[in-house]
Amino acid sequence: MWSSSQASTRGVVEMGRVEAGPSHFPKRPAPRNSARVNPSRTHAVKPCSAGDRSGISVKCNLVWSSQPSSDLRHHFRGYSSASEAVLTAQSDLRKLLVGNEKIGVLLLNLGGPETLDDVQPFLFNLFADPDIIRLPRLFRFLQKPLAKFISVMRAPKSKEGYASIGGGSPLRQITDAQAEALREALCGKDVPAKVYVGMRYWHPFTEEAIEQIKRDGITKLVVLPLYPQFSISTSGSSLRLLESIFREDEYLVNMQHTVIPSWYQREGYIKSMATLIENELTKFPEPQKVMIFFSAHGVPLAYVEEAGDPYKAEMEECVDLIMEELEKRGITNPCTLAYQSRVGPVEWLKPYTDETIIELGQKGVKSLLAVPISFVSEHIETLEEIDVEYKELALESGIKHWGRVPALCCEPTFISDLADAVIESLPYVGAMAVSNLEARQSLVPLGSVEELLAAYDSKRDELPPPVIVWEWGWTKSAETWNGRAAMLAVLALLVLEVTTGKGFLHQWGILPLFH
C-alpha cells in the first residue's frame, strides 16, 4: 500500500526499527535500486491559480474531531474500477493512521536576516554554533566571544550582499509559502495536519515553533529538515538543538515524533530537479553543448573523512539520480559537481566552485548551467553568490553563455512528494520514553533525533582540531597558531577598550563603529 521509497534514506528499516551508527554512513553510497526512483508513480496536482505561490489548488479546513472514526463499512461496497478501490483503500488507511491524533509537521531550515539590521546578530548566531565553527577543546570557552568578533567584522561585507538582493533574505517568506503548500497538499491527501517552520539561526527560531506546537496540542510530530541531503552542519545542527529542547520538556518527552533525515532519492525531488534543468537548457543557443554544473554547499573535509558525515556520498548519488532521469528524457549533457561557500582556514570538500569555473573556462567550455543542488529555496547563496559572483567569474574565464536553474521553492510535484514523504513516515512515529532518554537509546523507530546524532557524535568528539600539534618554523601549523594568537590578542584589546572606555581605538574614533 505504501511506496517503496521510504521517508528515511539513511538507516535500515526492519520491523519498525532503524539501525544507525557510524558504520551505516559509508563514504560512498550503497548501490541504488529501482525502488528509489520509480518512474511509474505519478502525482495528480491541480495547476495553481494566478497569484497562488503554493502551486497547489486545494481547499481544506483543518479540523481535529474528538469523535471516533467513521464506520468503515464502505470498504465493502462495489467499485467501478480496481484503481478506484485502491485509491479508496489508501485514503481509508490514511484516515486510520491519523485517527484522533493531532498531526504536526516541523520544517527545519537555516534562516536568514530579513533586514540589514538583522545581519550582524544573524551572523553571531551562525558562528556561535559549534557545528559550524569547531574550536579545540582548550578554546571552547571562546566560542561566543569569537562569534561576536567574526560577526562584527563580517557584517559590513555581508550587508552589501544582502543589500544587492533587496535588503534581506527571502528565505522566511519562501519557507512559509512551502509550509502552506505542504499543508494544503497533505489535506488533499486526506491527512489534515498543521505545518510549522523552525529556523536555526533566525526568526522564527526552532524554540518558537516548538512552543506553538505545544499550544496546539500536537500529539504526533514529523520533523522534516528542508535539506535534501543530510549533513552534520545543517540537519545535524538543527536536530542537536531539537534534542536539547526535547530533553528539557515533559510534554515533548511524551509526544510521539519521527525525523525524515534526508530525501534526495525521492522521485518527486529527482523529477522536479530534472524538469527545471530541462527547461533552462532550452534557453541556450545550443542546449546539447551546455555543461551542467551542480554547485553544492560545502562542508569541512574532516566531517566527511573523520566523522562519517554522509553528505558527500549522498550528494554524489543525488547528482547521479538526476542525470539518470535526464538520460531517460534524451538529455546526455556532460556534468560536474563542485562545492561553494567555504569559510575559515580548514580544508573543505573539493573541488571548489570558483576554482572549477576557472578550469572549465580554460578547457574551452562556452556554455554553463549552474544547478544549486543543495538548496530548495532562494537565498544569499543563490541570488548573490551564484547569480552575481560566480556569473562574473564565469564570464571573465571565457564562458560566454551562463544560466542558472531556479530553486524548487513551491514547485507542485516537489511539494506533493514531500507530502507523500510525511504520510509514509506516519506508521513509524513512536513514543519517546523517559527511560530511553536516560539510556541514550533510540527515541523512535524511524529516523530518531538521538540515533541520527549518535551516528556521528562518537567520532565527532574525536575529530582533530585544524592543527594537531605545534610545529616550529615557517609551517602551516605555525602560521595557523600565530593567527590564533593574533586573534586572541585583538579580542583581548577589544575587551579592554570596551571595559575601560580608553585606548587608541577610542582616540582614533574606530571603536564607536562597533557599537
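Which residues in H13 are buried? I started my notebook with that one, and the list for H13 reads Phe414, Ile415, Ser416, Asp417, Leu418, Ala419, Asp420, Ala421, Val422, Ile423, Glu424 and Ser425. Buried here means under 20% relative accessible area, exposed over 50% and partly exposed in between, with a 1.4 Å probe and protein chains only. Helices (H or I, at least four residues) and strands (E, at least two) are DSSP runs numbered from the N terminus.

**Ground rules**

I am working with a predicted model, in which local features need pLDDT of at least 70 and side-chain atom pairs count only at pLDDT 80 or more, while totals for chains, interfaces and linings use all residues. Residues are numbered from 1 along each chain as its sequence is written, and side-chain values use heavy atoms, leaving out hydrogens and water.

**Entry: the whole chain**

I counted 17 helices and 10 strands in the chain. Of its 515 residues, 52% count as buried. I also looked at contacts (heavy atoms within 4.5 Å) between residues at least 6 apart in sequence, and 79% of these join residues at least 24 apart.

I went back to H13, residues 412–425. Its 14 residues reach 20 Å from first C-alpha to last, close to the 20 Å expected at 1.5 Å a residue; the expected span is 1.5 Å times one less than the number of residues. In total, 12 of the 14 residues of H13 are buried.

Next I looked at how H4 packs on H13: the angle is about 65° and the axes are 9 Å apart. Axes are lines fitted to C-alpha atoms, for helices over the stretch in contact, and angles run from 0 to 180 degrees between N-to-C directions. H4 gives Gln178, Ala181, Leu182, Ala185 and Leu186 to the contact, and H13 gives Phe414, Ile415, Leu418, Ala419, Val422 and Ile423. These residues divide into 10 nonpolar, one polar and no charged. For the classes, Ala, Val, Leu, Ile, Met, Phe, Trp, Tyr, Cys and Pro count as nonpolar, Asp, Glu, Lys and Arg as charged, and the others, Gly among them, as polar.

**Entry: H2 against H3**

How do the axes of H2 and H3 cross? Helix H2 (residues 119–127) and helix H3 (residues 143–164) come within 7 Å, axis to axis, at roughly 135°. That makes H2 oblique to H3, on a scale where angles under 35 degrees are roughly parallel, over 145 roughly antiparallel, 65 to 115 roughly perpendicular and the rest oblique. From H2, I noted Val119, Gln120, Phe122, Leu123, Phe124 and Phe127 in the contact, and among their partners in H3 are Ala147, Ile150, Val152 and Tyr162. The contact of H2 with H3 holds 10 nonpolar, four polar and four charged residues.

A reminder to myself: most residues other than glycine have a negative phi, and most peptide bonds are trans. I found a cis bond from His203 to Pro204, with omega near -10°, and Pro204 sits in the loop between strand E4 (194–199) and helix H5 (206–215). Another cis bond runs from Lys350 to Pro351, with omega near 5°; Pro351 is in the loop between strand E8 (335–340) and helix H11 (353–362).

The loop between E8 and H11 also holds Ser341, which has a positive phi of about 65° without being a glycine. Is Ser341 buried or exposed? At 13% relative accessibility, Ser341 counts as buried.

Asp190 also has a positive phi, near 65°, and is found in the loop between helix H4 (171–188) and E4. Its relative accessible area is 31%, so Asp190 is partly exposed.

**Entry: Pro228**

My last stop was Pro228, in the loop between strand E5 (220–225) and helix H6 (232–247). Pro228 has 0% relative accessibility and therefore counts as buried. What does Pro228 touch, not counting residues up to four places away in sequence? I listed Ser262, Trp263, Tyr264, Tyr269, Ile373, Ser374 and Val376.
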